[in-house]
Amino acid sequence: MREEEFESKSGSENIEGASGEDQDADPVRSRKKRYHRHTQHQIQELEMFFRECPHPDDKQRQELSRRLCLEPRQIKFWFQNKRTQMKAHHERQDNLMLKSENEKLRLDNMRYRDALSSITCPNCGGPATLGEISFDEQQLRIENAKLREEVDRISGIAAKYVGKPLPSPVARLNTLSSSTLDLGSGGGSSCLGDFHGSTAGVDIVSRHVGLAESEKPMVVEVAVAAMEELVQMAQVCDPLWTTRFEDGCEILCLEEYTRMFPRASTSTRSPYGVKTPEASRDTALVIMSSINLVETMMDVNQWSSMFSCIVSRASTLEIFSTGVAGNFNGALQVMYAEFQVPSPLVPTRENYFVRYCKQHSDGIWAVVDVSLDTLRGNPQPHPNCPPSTLRCRRRPSGCLIQEMPNGYSKVTWVEHVEVDERAVHRIYDKLVSSGMAFGAKRWLSTLERQCERLASMLACNIPARDLGVISNPEGRRSMLKLAERMTNSFCAGVSASNAHTWTTLSGSGAEDVRVMTRKSVDDPGRPPGIVLSAATSFWLPATPMRVFQFLRDENLRNEWDILSNGGLVQEMAHIANGQDPGNCVSLLRVNNLNSNQGNMLILQESCTDACGSYVIYAPVDIVAMNVVLNGGDPNYVALLPSGFAILPDAAAATQSRLGTERISISSGSLLTVAFQILVDSVPTAKLSLGSVATVNSLISCTVDRIKTALNCENA
């Protein structure tokens, strides 16, 4: 039947006796449905009224019934059918428009790719390297990156209408390939995989096979059961949850959990090793509306960016439902994620899971995750589950979000996993087992800090003292976005992610320096060439707050920063992005008084919360920063971030509350120092032994200086 005929028929006919009550009362009548065709006059009147009011109330339906000589029920059904018909029509039109725009972008993008692939050197006629690309060709490369982002955005919008994710028509051009560490005898090889922002979980995505139709009902059943369990665990208090006296953290009572949820096992013994249960709960008030929080949780890019210090890689593998009624109520999707601690000494946790979102009564939303390693109790792992995901099983975990006045939301977070912790390094063992490394408290502390940061970025009424030398709000937002990209890049490159491999350079023990290398080609956000990353983690007998304040203070920077050459460090701009004074973005200038080098600028972001602190920085080009400060696009400023991740040790995780202040009774900190150095601007060059030795010496000297400054030489 043609579309025009369908619309005419659906608008002019009505089924009498279509309600469920009438069918139950008279089964014979339900089998013999009688159709009444409206007159042309009735249709015209109904159409005119529909244009003015698509949702008539009872009084209006009664008036139309009297005027058109129709039953009120016929009026009701006609308007229901008409609204459904108009919604379907608009969705078809929008989908066609999106597909057309997507196809246009795809063709343009392919044309740019062809142009870039045929670049030749004007001198020798061979393939051109990045430094030989002309200005026009460089502009094509930048435009290509923008189009790639636009294609991804349009594909995401179109996926809402077709019910499943659309494959990206253009392969990503960013290449981060591996290279061999040339260390002579005894040398090893190390490669760095994709950084955060590139194709997350590329191996999982490439090997993922869509779930069979027979498995989809099982997935839905698992998600619904997980939602029920999460809601109970988030709302029930004693005796299911007990409060740890030292820090106020809520810990799950395993015996009570087994009694309340007999079908769930709190300890799983399998061929893949013994898993230890780990469960915690926390509640906080955050400055973000419930709708925006739900959108952040259901969008994998926003979610991984919001929790970049926890989520190393993430991707949506399959979408079952995008929700109903224009929101995420009922949204269901299969995902992969890798969770991290900012240290190469703590193995990451990979999960293959389903995420389900549901709106409950009283304006409460719930988002739940649960692993899909097995379905219906089948002991064999699902074919889509790589072996690395079997070390950690995600029990029903997630959050309840309740809308509060003035744009705030009350969030209750539950983290419940079964994990094999045997590979965790001994200095991080107590921190991980306490739940501070991957538990609910860390998720909520990060969410609080990031929501404050986002509110600061969107704020308009900023006092002049916070603007510093930035003269316009656009410049302030550009600088904050640049700092966010710097932080995300640092967090993605300092962990023990399976996307890259660390090589130990020296000795044995916690303070071994680990290095890895990558080639950066055709990436506007990073300088081209060979980049060497080095990191080390160690314990310090100093409180986390003392270490944090020392490292973020620009007046004390020359006590540990070797590259500043003892020069005077001056803060040129300061942007507060949270309630804590330590949460800020600064632009520093280093005056190299004792060297022939010119002055350089350093972009620095420092942030702290109840579960950890970061001081991250990167040298930046003066010309590029002038563009950013004037509101220019920060995505094409080349950055190589370095910095520090400061976590509490087991004793530092023990805190007591006195009023609104937290009194730390910690005895030490776990400090990770990480550097990224451009050792050669030619991507095809070999990595020399001297470059590795220089970076090793740099990080070792920095560690020694920090220990000396904090009077921890014997640590």
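Biologist: Which residue forms a salt bridge with K216, the closest N and O atoms being 3.3 Å apart?

Modeller: This is a predicted model, where local features need pLDDT of at least 70 and side-chain atom pairs count only at pLDDT 80 or more, while totals for chains, interfaces and linings use all residues. Residues are numbered from 1 along each chain as its sequence is written, and side-chain values use heavy atoms, leaving out hydrogens and water. A salt bridge is a side-chain nitrogen of Lys or Arg within 4 Å of a carboxyl oxygen of Asp or Glu. At 3.3 Å between N and O, the partner of K216 is E213.

Biologist: Is E213 buried or exposed?

Modeller: Buried means under 20% relative accessible area, exposed over 50%, and partly exposed in between, with a 1.4 Å probe and protein chains only. K216 has 24%, so K216 is partly exposed. The relative accessible area of E213 is 61%, so E213 is exposed.

Biologist: K216 also meets E318 in a salt bridge. How many residues apart in sequence are the parts that this pair ties together?

Modeller: The N to O distance for K216 and E318 is 3.9 Å. Helices (H or I, at least four residues) and strands (E, at least two) are DSSP runs, numbered from the N terminus. K216 lies in helix α9 (residues 216-235) and E318 in strand β11 (residues 311-321), so the pair ties together parts whose separation in sequence is 102 residues.

Biologist: In which strands do E278 and R349 lie?

Modeller: E278 and R349 form a salt bridge with their closest N and O atoms 3.2 Å apart. Both E278 and R349 are buried. The pair ties together parts 71 residues apart in sequence, because E278 lies in strand β10 (residues 276-286) and R349 in strand β13 (residues 349-359).

Biologist: How many salt bridges does a search of the whole structure find?

Modeller: Side chains of opposite charge can pair when their charged atoms come close. Some salt bridges share partners, and in this way R355, D369, R394 and E415 are joined into one network. Over the whole structure, the number of salt bridges found is 22.

Biologist: Why is α14 called roughly antiparallel to α16?

Modeller: Axes are lines fitted to C-alpha atoms, for helices over the stretch in contact, and angles run from 0 to 180 degrees between N-to-C directions. Angles under 35 degrees count as roughly parallel, over 145 as roughly antiparallel, 65 to 115 as roughly perpendicular and the rest as oblique. Helix α14 (residues 440-458) and helix α16 (residues 473-494) have axes 9 Å apart. Their packing angle is about 150°, which means α14 and α16 are roughly antiparallel.

Biologist: How many charged residues does the contact of α16 with α18 have?

Modeller: The axes of α16 and helix α18 (residues 622-629) come within 7 Å and cross at roughly 125°, so α16 is oblique to α18. Contact means heavy atoms within 4.5 Å, and G475, S478, M479 and L482 of α16 make it with M625, V628 and L629 of α18. Ala, Val, Leu, Ile, Met, Phe, Trp, Tyr, Cys and Pro count as nonpolar, Asp, Glu, Lys and Arg as charged, and the others, Gly among them, as polar. By class there are 5 nonpolar and 2 polar residues, and the number of charged residues is none.
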